[in-house]
Amino acid sequence: MTPFPRRDGALHAESIALSTIAREVGPPVYVYSAGGFRAQARRLREALAPHPDIVDPLIAFAVKANGNRSVLSVLAAEGLGADTVSEGEIRRALAGGVPPDRIVFSGVGKTDAELAFAVATGVRQINVESAPELERLISVAREQSRVPDIAIRVNPAIGAGGHAKITTGGAGDKFGVPVAEALELYARAAASGAVRPAGLACHIGSQITDVAPLRSAFAVMRGLVETLRGEGLAIERLDLGGGLGVPYRPGDPDTPFDAYAEVVAETVRDLDVQLVLEPGRVIAAEAGVLLSRVIQVTERPDGRRFLVLDAAMNDLSRPALYDAEHEVVAVAPDGEGEVIYDVVGPVCETGDTLARGRLLPALRAGDLVAILTAGAYGATMASEYNARPLVPEVLVDGDDWAVIRRRPDPDAFLEREPVAEWLGSTAKS
Ligand SMILES: *Cc1c(COP(=O)(O)O)cnc(C)c1O
């Protein structure tokens with residue numbers, strides 16, 4: 001069942017009418033369905049389950065897709081771990097109830113302080129992305145007299161994804177070490193005695209809906225496991241990253257769960273490795289919407305109509321950043337014909353166009369719309385551009401719902417900004 005069903009024409013999140021949330025919390029607001037997160041986690045697990053070579057995989061949810069601690073807590077209760085890329089995300093995962101031994105720490109530029117925090121926390125594995133990072137981690141680990149498990153993140157020189165800016169596995173991308181250097185780095189880690197190399201990792205991109213590039217990249221990883229083992233190095237884990245895509249618009253391909261599971265199973269066949277996956281978008285995207293109110297409809301003499309919403313590019317930046325398309329729907333259409341709109345926000349940039357040329361029911365000021373598939377890379381990428389406060393987040397679970405991030409007090413902006421003393425009376429404190 002969809003997490004956002006229509007009942008008597010009105011869009012709901014599970015059992016709760018979105019109009020109720022709009023009335024009580026006020027738009028714009030992100031609304032998430034707990035059942036939606038769980039359903040996607042289960043679909044992934046069920047796709048992997050029939051494959052005998054996949055035993056007890058660690059499914060580490062990519063916190064950057066949706067880092068709200070209540071959301072992480074729903075996923076932790078489903079048995080998911082967390083893939084993190086900063087100390088802040090590790091802290092969020094812990095706050096959501098993810099045990100340290102299910103937290104993976106990835107990222108291309110971890111600071112010494114972040115590495116020290118991860119080592120002290122006792123995360124399951126630190127994915128090392130370069131030779132200088134390995135040397136820094138070795139020093140940090142020696143200082144704490146702890147021996148963290150690491151994986152070496154490899155750049156398989158095969159990128160993929162829904163947009164160039166979210167492709168990470170290409171030879172020219174900043175992520176991971178080239179295949180040719182992986183052996184030397186792994187051997188260096190093993191010889192150091194300060195870290196324990198447990199395996200290899202990769203992550204080639206995001207919003208991938210065709211498994212062919214994954215198959216090619218994973219074949220490189222499998223080959224590398226065999227090469228390193230041939231050199232006498234132990235490989236216990238293989239982390240194949242995230243990247244699985246979701247449909248954003250009608251007609252987009254469905255998430256290829258089964259084909260993906262097959263490619264993953266082929267990759268680990270007879271290798272006897274523990275599988276780690278780092279899905280973000282596929283777990284969270286379809287479990288969230290951005291609920292917004294129409295401020296006004298602006299008509300041009302040429303007949304063009306702008307649907308001006310109270311949500312904008314600072315709240316959902318994917319359209320501006322990646323030319324991403326999200327479905328926009330009326331929450332309670334009243335059936336007075338259909339109109340083509342450019343859907344825009346109030347921010348002072350032409351890039352603040354959320355959708356172009358969309359046929360929607362005729363809408364008026366005050367009507368509610370929902371921007372769909374906004375549960376991943378929505379709230380986490382929001383900014384306060386144009387001095388717009390971060391929008392609240394609401395979690396629905398059946399008949400229950402709660403605000404899981406409050407809208408900040410308008411004065412909170414200013415409270416964070418002490419006025420430089422020497423400015424004297426020119427700025428009010
Ligand atoms: C972003 C990221 C992910 C998650 O990617 P999705 O496309 O959301 O599944 C996983 N692993 C790493 C290292 C990432 O940077």
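Predicted model: local features only at pLDDT ≥ 70, side-chain atom pairs only at ≥ 80, totals over all residues.
View 1. The side chain of Glu-278 places an N or O atom 2.5 Å from a nitrogen atom of the ligand, and a polar side-chain atom of Tyr-377 is 2.5 Å from a ligand oxygen atom. A polar contact is a pair of N or O atoms within 3.5 Å; within protein, one must be able to donate a hydrogen and the other to accept it, and residues adjacent in sequence count only if both atoms are side-chain atoms. The protein buries 94% of the 380 Å² that the ligand exposes when taken alone (Shrake-Rupley method, 1.4 Å probe).

**View 2. Residues around the ligand.** The ligand is surrounded by 14 residues (a heavy atom within 4 Å). Lys-64, Ser-206, Glu-278, Arg-281 and Tyr-377 are the closest. The shell comprises 5 charged, 6 polar and 3 nonpolar residues, with Gly counted as polar and Tyr as nonpolar.

**View 3. Domain 1 and domain 2.** Domain 1 covers 6-31 + 285-415, and domain 2 covers 34-281; the bounds come from an automatic or database domain assignment. Their centres, taken over C-alpha atoms, are 32 Å apart. Domain 1 gives 24 residues to the contact and domain 2 gives 26 residues (heavy atoms within 4.5 Å).

**View 4. The interface between the domains.** About 2100 Å² is buried between domain 1 and domain 2, 50% of it from carbon and sulfur atoms (accessible area lost on being put together, 1.4 Å probe, summed over both parts). Glu-286, Tyr-322 and Tyr-377 lose the most area on the domain 1 side, together 27% of what that side buries. Between the domains there are 15 residue pairs in polar contact and 3 salt bridges (side-chain nitrogen of Lys or Arg within 4 Å of a carboxyl oxygen of Asp or Glu). Arg-38 and Asp-397 form a salt bridge at 2.9 Å, N to O.

Residues are numbered from 1 along each chain as its sequence is written. Local features need pLDDT of at least 70 and side-chain atom pairs pLDDT 80 or more, while totals for chains, interfaces and linings use all residues; side-chain values use heavy atoms, without hydrogens and water.

Terms used. Buried area = accessible area lost by both parts, 1.4 Å probe.
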